[in-house]
Amino acid sequence: METERRLVRLADGRDIDVLTAGPEGGLPLVVHQGTPGGLVLNSKLGHAALERGLRVVQAARPGYEDSTPRPGRIVADVVPDIAAVLDAIGADTYVSIGFSGGGPHTLACAALAPERCLGTASVAGAAPYDAEGLDFMAGMGPENVEEFGLAARGADALTPFLDKEAEALRGVTGEQVVAAFGGLISGADAAVLTGEFAAELAAGLRGAVRNGIAGWRDDDLAFVADWGFPVLALAGRATIWQGDQDKMVPFAHGQWLGAHIPGARVHLEPGAGHLTMTVTAIDRILDDLLDLARTS
């Protein structure tokens, strides 16, 4: 499907790199990509959105693609950036969806901008690092255990690790993406990482690191810091989707979010991995999100 790219200049002088697709008058579906993630629209998501008359708005977080880096940003900082992007394209209210590292950011929108964000879907999204009763890294693949352990020590510890990882991703292809993820990929995920889906994911990874690791680094540091809002603020405004075959963001994260967000619509999917629901469940996810938006 056709997409459009533009740079949106913010009041503080930063740029946000934005991809849009779908009817200009449609309700915006703000898409928060994973970590690391560039501005490549997943075809299944794009077509599902188009079938529902939604306008996809995917904004690269600071440091990704051509979005100006913003060192020290926290998760909550995404909310005014999204507001500025929507103002620039002439949109008002919206629904929001986040995948993986986009999960905390989509939750921030529903928590902190209830007058504009009508509802949110977190798909394989992380819980807070300091969540009471949750062992954040339990069940993660070894690469993520190392990455978040370094993030908890700060930017100086994390940067050399990400520099090395980014070098391997700059030329990654769809055929190579399963091997590139190493111990983070479950059998369920490997089964769907083929063809167009794998090619699009690889293109997103390449785009994420083409200008360096600032976006990836600052995402990781934001995840292990205070998010800037309590999950209680999401009462009645969130849907949570999580699979039990996820080695990137383990099942317990979705369980914790579902248990601690009052009135959350919780979908704990047996047999689903970290990436599979984008392929197998996107229609159900969007229908549930739109139903939430109508009733919230």
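How many nonpolar, polar and charged residues are in the lining of the largest pocket? In this predicted model, the lining of the largest pocket divides by class into 24 nonpolar, 14 polar and five charged residues. The pocket holds about 920 Å³ of space. Its lining comprises 43 residues, and those nearest the centre of the pocket are G34, T35, P36, L201 and L205. Several helices contribute to this lining: α4 (142-153), α5, α6 (177-181), α8 (195-209) and α9 each supply at least two residues. The largest contribution comes from α8, which gives five residues to the lining.

The packing of helices was examined next. Two packed helices are described by the angle between their axes and the distance between the axes. Helix α5 spans residues 155-169 and helix α9 spans residues 214-223; their axes come within 10 Å and cross at roughly 135°. The crossing of α5 past α9 is right-handed. On the α5 side the contact is formed by A155, L158, T159, L162, E165, A166 and L169, and on the α9 side by W216, R217, D220 and L221. Sorted by class, the residues of this contact are seven nonpolar, one polar and three charged.

Helix α5 also packs with α4, at an angle of about 145° and with the two axes 6 Å apart. From α4, the residues E143, E146, E147, L150, A151 and R153 take part, and they meet A157, L158, F161 and L162 of α5. The contact of α4 with α5 has six nonpolar and four charged residues, with no polar ones. L158 and L162 of α5 are listed in the contact with α4 and also in the contact with α9.

A further pair is made up of helix α2, residues 78-88, and helix α3, residues 102-112, whose axes lie 9 Å apart at an angle of about 80°. That angle makes α2 roughly perpendicular to α3, because values from 65 to 115 degrees are counted in this way. In this pair V78, V79 and I82 of α2 meet H105, A108, C109 and L112 of α3. By class, the contact of α2 with α3 consists of six nonpolar residues and one polar residue, and no charged residue is present.

Methods
Residues are numbered from 1 along each chain as its sequence is written. This is a predicted model: local features need pLDDT of at least 70, side-chain atom pairs count only at pLDDT 80 or more; totals for chains, interfaces and linings use all residues. Side-chain values use heavy atoms; hydrogens and water are left out. Axes are lines fitted to C-alpha atoms, for helices over the stretch in contact, and angles run from 0 to 180 degrees between N-to-C directions. Helices (H or I, at least four residues) and strands (E, at least two) are DSSP runs, numbered from the N terminus. A crossing is left-handed if the near helix is turned anticlockwise from the far one by less than a right angle, and right-handed if clockwise. Contact means heavy atoms within 4.5 Å. Ala, Val, Leu, Ile, Met, Phe, Trp, Tyr, Cys and Pro count as nonpolar, Asp, Glu, Lys and Arg as charged, and the others, Gly among them, as polar. On a 1 Å grid over the protein atoms alone, a cavity is a set of points where a 1.4 Å probe fits but cannot get out, and a pocket is an open set with protein on both sides within 12 Å along at least five of seven lines; lining residues have an atom within 4 Å of a point. Grid points are joined across faces, edges and corners, and a volume is the space filled by probe spheres set on the points. Angles under 35 degrees count as roughly parallel, over 145 as roughly antiparallel, 65 to 115 as roughly perpendicular and the rest as oblique.
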